[in-house]
Amino acid sequence: QVQVAESGGGSVQAGGSLRLSCAASGSFFSVDAMAWHRQVPGRQREMVTTTISNGETEYADSVKGRFSVSWDSAKNTAYLQMTRLKPEDTAVYYCLTIYRTTPSGRRYDMWGQGTQVTVSS
């Protein structure tokens with residue numbers, strides 16, 4: 001069974017940096033897409049960045065130029081590097097992994113449990 005776990009959240013001052021990790025474990029054939037979303041209490045979930053199987057990556061306008069993503073295939077871990085953080089980046093960040101367990105089988109999606117990022121003024 002595939003599981004996803006985020007880590008790396010914490011509290012920083014505005015202008016600082018954090019790197020979030022999203023580790024996938026279990027049995028899967030391939031990861032077809034990966035995304036980071038964030039949630040602020042009382043507000044709708046926001047897509048931060050999405051990467052599809054051809055490597056194309058999309059970023060929300062609010063984070064362009066400040067956030068970047070990478071993938072370590074040896075560790076089955078995705079990273080979200082966040083720089084020049086702003087108070088409005090404060091949220092719980094969730095990792096979404098879309099994967100297959102067979103070469104031509106159905107796709108599955110799995111969310112992590114989230115990690116808190118707090119940016120102070």
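**Entry 1: His 37**

I looked up the surroundings of His 37. Leaving aside neighbours within four places in sequence, His 37 is in contact (heavy atoms within 4.5 Å) with Arg 45, Glu 46, Met 47, Val 48, Val 92, Tyr 93, Tyr 94 and Trp 111. His 37 lies in strand S4. I take strands as DSSP runs of E, at least two residues, and helices as runs of H or I, at least four, numbered from the N terminus. His 37 counts as buried, because its relative accessibility is 15%. The classes use a 1.4 Å probe and protein chains only: buried is under 20% relative accessible area, exposed is over 50%, and partly exposed is in between.

**Entry 2: ground rules**

I note that this is a predicted model, where local features need pLDDT of at least 70 and side-chain atom pairs count only at pLDDT 80 or more, while totals for chains, interfaces and linings use all residues. Residues are numbered from 1 along each chain as its sequence is written, and side-chain values use heavy atoms, with hydrogens and water left out.

**Entry 3: the core**

Next I looked up the largest nonpolar core. A nonpolar core is a set of buried Ala, Val, Leu, Ile, Met, Phe, Trp, Tyr and Cys residues joined through side-chain atoms within 4.5 Å. The largest one has 20 residues. Trp 36, Phe 67, Met 82 and Tyr 93 have the most contacts inside it. Two or more residues each come from strand S3 (18-25), strand S4 (30-39), strand S8 (77-82), strand S9 (91-100) and strand S11 (115-120).

I then listed the partners of Met 82. Outside four places in sequence, Met 82 touches Gly 16, Ser 17, Leu 18, Leu 20, Arg 66, Phe 67, Tyr 93 and Val 117.

**Entry 4: salt bridges**

How many salt bridges are there? I count a side-chain nitrogen of Lys or Arg within 4 Å of a carboxyl oxygen of Asp or Glu. By this rule there are six.

Asp 32 pairs with Arg 107, and their closest N and O atoms are 3.1 Å apart. This pair links distant parts of the chain: Asp 32 is in strand S4, Arg 107 is in strand S10 (residues 107-111), and 75 residues separate them. Asp 32 is buried, because its relative accessibility is 12%.

Lys 64 and Asp 61 form another salt bridge, at 3.0 Å from N to O. Is Asp 61 buried or exposed? Asp 61 is exposed, because its relative accessible area is 65%.

Arg 66 and Asp 89 also form a salt bridge, with 2.8 Å between the closest N and O atoms. Arg 66 sits in the loop between strand S6 (57-59) and strand S7 (67-72), and Asp 89 in the loop between S8 and S9, so the pair ties together parts that are 23 residues apart in sequence. Both ends are buried: Arg 66 has a relative accessible area of 7%, and Asp 89 has 1%. Arg 66 is also a contact of Met 82. I traced the network too: Arg 38, Glu 46, Arg 66 and Asp 89 are linked by salt bridges. Glu 46 is also among the contacts of His 37.

**Entry 5: the largest pocket**

Then I checked open space. I worked on a 1 Å grid over the protein atoms alone; a pocket is an open set of points where a 1.4 Å probe fits, with protein on both sides within 12 Å along at least five of seven lines, and lining residues have an atom within 4 Å of a point. Grid points are joined across faces, edges and corners, and a volume is the space filled by probe spheres set on the points.

The largest pocket holds about 210 Å³ of space. It is lined by 13 residues, and the closest to its centre are Val 31, Met 34, Thr 51, Ile 52 and Trp 71. S4, strand S5 (46-52) and S7 each supply at least two lining residues. Which strand gives the most? S4 does, with four residues.

The lining divides into seven nonpolar, five polar and one charged residue. Here Ala, Val, Leu, Ile, Met, Phe, Trp, Tyr, Cys and Pro count as nonpolar, Asp, Glu, Lys and Arg as charged, and the others, Gly among them, as polar.

**Entry 6: Glu 58**

Glu 58 is in strand S6. Glu 58 is partly exposed, because its relative accessibility is 49%. Leaving aside neighbours within four places, Glu 58 is in contact with Met 47, Val 48, Thr 49 and Thr 50.

**Entry 7: positive phi**

Asn 76 has phi near 50°, a positive value in a residue other than glycine. Asn 76 is in the loop between S7 and S8, and is partly exposed at 25% relative accessible area. Arg 84 likewise has positive phi, near 45°. Arg 84 is in the loop between S8 and S9, and counts as partly exposed at 47% relative accessibility.
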